Each structure stands twice: as C-alpha cells, then as structure tokens.
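This report covers a predicted model. The sequence and the structure are shown first.

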Amino acid sequence: MTEDNGALDGHGEKPSRRDFIYIAAGGATAVGGGLVLWPFVDQMNPAADTLALGSIRVDVSQLLPGSEMTVMWRGAPVFIRHRTEEEVAEARDVELSALPDEDARNDNLPEGTPAIDANRVLRSEFLIVKGNCTHLGCVPTSQETNAGGEYNAWYCPCHGSHYDKSARIRRGPAPENLPVPDYFFESETTVKIGLNDEERANSGWAVA
Amino acid sequence: MSGPSTYEPKTGFTKWLDSRLPIVRLGWDSFVDFPTPRNLNYWWTFGGILAVFLMIQIITGIVLAMHYVPHEAYAFDSVERIRRDVNFGWMIQSMHANGAAFFFVAVYLHMFRGLYYGSYKAPREVLWILGVVIYLLMMATAFMGYVLPWGQMSYWGAIVITNLIGALPFVGDAIREWLWGGFSVGQATLNRFFSLHYLLPFVIAGVVGLHIWALHVPGNGNPVGLEVRGGKDGKKDTLPFHPYYTVKDGFAILVYLMVFAVFVFFLPTVLGHADNFIEANPLSTPAHIVPEWYFLPFYAILRAITFDIGPIDAKLGGVLLMFGAIAILFVLPWLDTSKVRSMRYRPLTRWFFIFFVLTCFGLGWCGAKNPDDYVLGIEGFKFLYFGQFLTLYYFAYFLVVLPVMGIVEKPKERPASIEAAVLGNKASAQPAE
C-alpha cells in the first residue's frame, strides 16, 4: 500500500491522483454518512399528525368576568382568564423595570417586545397564556383556588414562582413570563389558538 | 495481572474447542484462576452483586414488556393489570421496581468503596471512567423506566427533567421538542422512552464487559492500596478467584438478596410514591414533585442555585451544576494528587471523606424536602441554605480537598506488602488447604 501513496508521506510534493481519491472518498463518506444519519435523528421530531393537531377553537361566551378556564392545547394546559377591570388596572399599573423578564413572550409579536400588559393581550379583558411554569413546567395554581401567590394571580407550588395579573414572572426561579400562544378572536366569543400564516397576518395583533 | 494462561483442556472436545474458540479458557482465566489480592473485604463484593442485579432487571424487564402497553391511554392500566391479573405479575413487577432501588444502593456503595480506597487512581483510571459511564447509563435507564407506569409522578418527573434541557441556551427548546416528539410529554415521548428503556440495559451490559476487561488488566485494588508484587512474591499476595472469592461474593449476594426479598414480598411499594398510583394528568401538578430517592442529592444541587452567576441565569446554573456533580467524577483520577490510594493511611483526608459521605446523605435529605422548610425546625435555617452549603462542600471535596491534601498531608506508614498486611510476620503465607 505505502509505495502507492508516497506523495502523502512526502512534504511539499505535488498532490497526486491518489490524494484526490482519498479526499473525494473521505468527503463522500462523511456527506453520505450525514445524509443517512439525519432521517434517524429527525424521526424523533413532532410527526405530521402531531403538527396537524396544532390548533383549537374555544367558546369563551360563558366565561364571566373574574373567572377562568383551562383548556388543553398541544398536550399542555392553556389558561384563559376573563379579567375584571380592577385586574386589568393592576396589570397595567406595573413599571417595566419591576419585571424580571422584560420581554412580552408573545408568539404573536416579535421577540424583544416590551412586557407591558398591552403587549400580552389582544383584548384587554381576556388574558390567554400557556399554563406551564417557565421554570420546570409544573402547572401553576390560581387565585380561583385561593392559591395565587403574592400577586393573587398564579403561583407555581413546585419551586415557588409568583406570577402577576398579566401572568408575568415577578418572584421565584422561573426565568420568563408565561408565554402567550398565537391566537385571535374568530368571532366575538370564539378564540382560535394555534394559527396558520394567513390567520396570523389578519389576527389584529400589533405592538402597543 | 493477565499473566500466562493456566488453563489446560482435558477432554477431546475441550481441546478441539480451545483451538477454535478459546471461550472456556477466557472464563477460566477470568473467574477461576484469576489471581486476586488475598485481603479483599466485603466492600469488594458489590461488583458481583451489581452483576446479579443487572441480570435481574433484564430478565424481569423482558417479562414485563410482554404485558406492558406503551400507550398513554393504556400504560397505567396495563401496569395495574400486571400487578393484579397477570400470573405472578405482582412479584415480577415488584422485583423490577425494587430491583432498581437495590441496584442503586449497590452502585452507591460500590462507588463509595472506590472513593475510600482510591480505586480510581493509576493504573485504573479507565476502569473508573467506564464505571461512571455505567452509572450515567443507569440513571438514564432508571429515569425512563420510571416514566413508563404513567402515574402522576412518572409524568411530572418527565416534565421537570425534560424541561431542564430547555434551560440550555439557543438549542434548548429545539432539543426538548425533539425529545418529546410533540409539544409536551405525551404519546410519542412514552413510546420512545419504552424503546430506549429496553435498549439501554444491553448497552450497560456491554460497558460492564469493558469494565471487567479494564479490571482484569491491572487486577483488583485492595484495602491497603498496595499493588500485587511481581514475580514469585505475587503468589504470596494473591489467591485464586475460585473458590476464595466466588464463595465470598456468593455469600454477600445471598445476604443482599435476602434483604431484597423482604422488600419484594413485604414492602413492595414502600420506596415508591403514593402519587404514582394516580394516572398521569397534564392539568394537575402534584403538590410536591420529588424524584426517586436515588436522584435526590442531584435534585438538591439543582435547586441550590437560586441566583444568577454572571451571564448564567439561576435555572441554567442549577442544571450545569447538577450535571457537573457527575461530570467531575470523570476527572477525579487527576484531581487527587496523593500517591497513597487507601484512606486507611490518610489520617486527615479520611475525615474529609467521612464528611463527604454525610454530605451526600444530607443532599438527599434536602432533595426530599421543600426548600423553604426549616431544617429540624430551626427558625430561619432553610433547607435551601443547608443544600447550598452541602453543594459547596460536595464540589470542594473534589476541587480543593483532594488536590491540596495530596500535597500537604503526611500519610501514615504502610505495610510492606499485601502479604504482610494480612499475615503480619508469620512464616507461612500459604492458603489453608
């Protein structure tokens, strides 16, 4: 073998035909290996039917001010709260600097949008957020059961994170506000959560 | 210590086989005539105990897989059916669930043995590292296995642990979704955990093979930490593995299995958690999520970081430290600067080691408690602070105590040889016939 590829052992010699074959074969093996590997990695990502189940419609006509409901969306809870005027006022009366996470965490708005309450809701009376604590995913308890924590809104019992009337993190280990899913009001009383591109374009969301 | 083979095939068939596949020779050299230090105590029996428990877990697991249904709608019921209706299912399920716990008891004692007697030091670094790999694989296997019954603790344990991955910057969310196979822990997650839970024990068995291979190159360490002498004197330091250590290991295995049987038959669920008898419910988190007891010390380290460290936020910091607590074991052979293996001859470090063991238990205690509760009811002394203090010592033991003590400590005088350590100055060092 070695006498054939003497050029490889030498220094400063011209690349030979054999060098080219080595590099081409090695490169093809690496690329081919990657191409074969990828399907076996990608099969673990959410499947087409899982993605297709990505949206739900919720009737909120029965939801009275001061009450809330929890719906399942994509296998996880979403909180829908019909806020009273006092709750909205309390949520809007918070300085941005008082927030540990100043990003609105709103899937309908660009990243980096300030976390003022107006950027967290489409209609001020309806607060709709994903219901898993941003720390490790527990479901926070609510003021509904008198377990709303320091801000009488939501409190995660697992590791003690307190959320406010706009479901923004205020105290505790959770790093982010409860995220707002992409949704819009299909009619006066129907919310659609999980939107396609067309719906997203006409959803009526805008940075306040 | 892999010297020349002493195996001599006697029958025609074994001679024929030996020249084609010397598998009997391999077994003979590894487990019959293998020269083993004559001073091994009972702390050295946990390797054999662990091999037995790996087999118990694989055999009971294969049987359980014949009845278990990896579907979010049926998994919980199928486990209950195994417990109630499948012939002897109550026993086999109990053996598997308690077997995991006893597997971890044995592996922790095996690891503390290694730490105390310096088993990780040259020339056994690779042996030690392979052991840490096995430990990591065990933890992954146990975690995924605990998800399968699809009770409340199974489900919420899976939520919490997979969310840890989400703490990684940039790629965290994508990796988490990739692990889930959806937007939350669900059917896809359960199904793949079942597949991997079935696979990993065989990977463990493979690495155990490497672990034993790496053991049989330098041979066993021993309580005095001296190497077996070369040449003729080596015979005086060792005994053949069989019958001396097959009997000693066998006795220890039997005693351990007796304790195991007490749990399997009389306390089958005492190590479990009541919440796991409630089927998984994504809308309701149990009041108190705790991992299985064997993960509690790491859970305490995870929760000890409640403050940001520079650009690293508290959540990521906790995750990094938790993984760091295991990762540090990989470099342990190079952190301990002492040439003396056994803590018997390290008068100061010995105390640090004892405190380290207490720290591990203390962290386990913190992991089981609410971080805001008070230790022993002492006002103001939260479990959080206790856990933070113990976490600090855990890392200090590896990063400060072991590197420094190797330089400043004056070790005690050691015996001249393993033979001298066992027999003193007695003339005859021959084993009893």
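The model is predicted, so local features need pLDDT of at least 70 and side-chain atom pairs count only at pLDDT 80 or more, whereas totals for chains, interfaces and linings use all residues. Residues are numbered from 1 along each chain as its sequence is written, chains are lettered from A in the order in which they are written, and side-chain values use heavy atoms, with hydrogens and water left out.

**Interface**

The interface brings 24 residues of chain B into contact (heavy atoms within 4.5 Å) with 25 residues of chain A. Buried area is the accessible area (1.4 Å probe) that two parts lose on being put together, summed over both. For chain B and chain A this area is about 2,000 Å², and carbon and sulfur atoms give 68% of it. B:W178, B:F183 and B:L283 supply 33% of the area that chain B buries against chain A, more than any other three residues.

**Sheets of chain A**

Helices (H or I, at least four residues) and strands (E, at least two) are DSSP runs, numbered from the N terminus. Two strands pair if DSSP finds at least two bridges between them. Chain A has an open antiparallel sheet of 3 strands in the order β2-β3-β4. Because β2 (67-73) and β4 (126-130) of chain A are at its edges with a single partner strand each, one side of each is left without a neighbour in the sheet. From one strand to the next the twist averages 20°, with axes fitted as lines to C-alpha atoms and angles running from 0 to 180 degrees between N-to-C directions.

Another open sheet, of 4 strands, runs β5-β6-β7-β8 in chain A, again with antiparallel pairing. Its edge strands, β5 (141-142) and β8 (169-171) of chain A, pair on one side only. One strand pair from each sheet is listed below.

| Antiparallel pair (chain A) | Bridges | Residues standing opposite |
|---|---|---|
| β3 (residues 76-82) and β4 | 5 bridges | A:V78 and A:K130 |
| β6 (residues 154-156) and β7 (residues 161-163) | 3 bridges | A:W154 and A:Y163 |

B:E125 lies in helix α6 (residues 125-147) of chain B. Leaving aside residues up to four places away in sequence, B:E125 touches B:Y120, B:P333 and B:W334.
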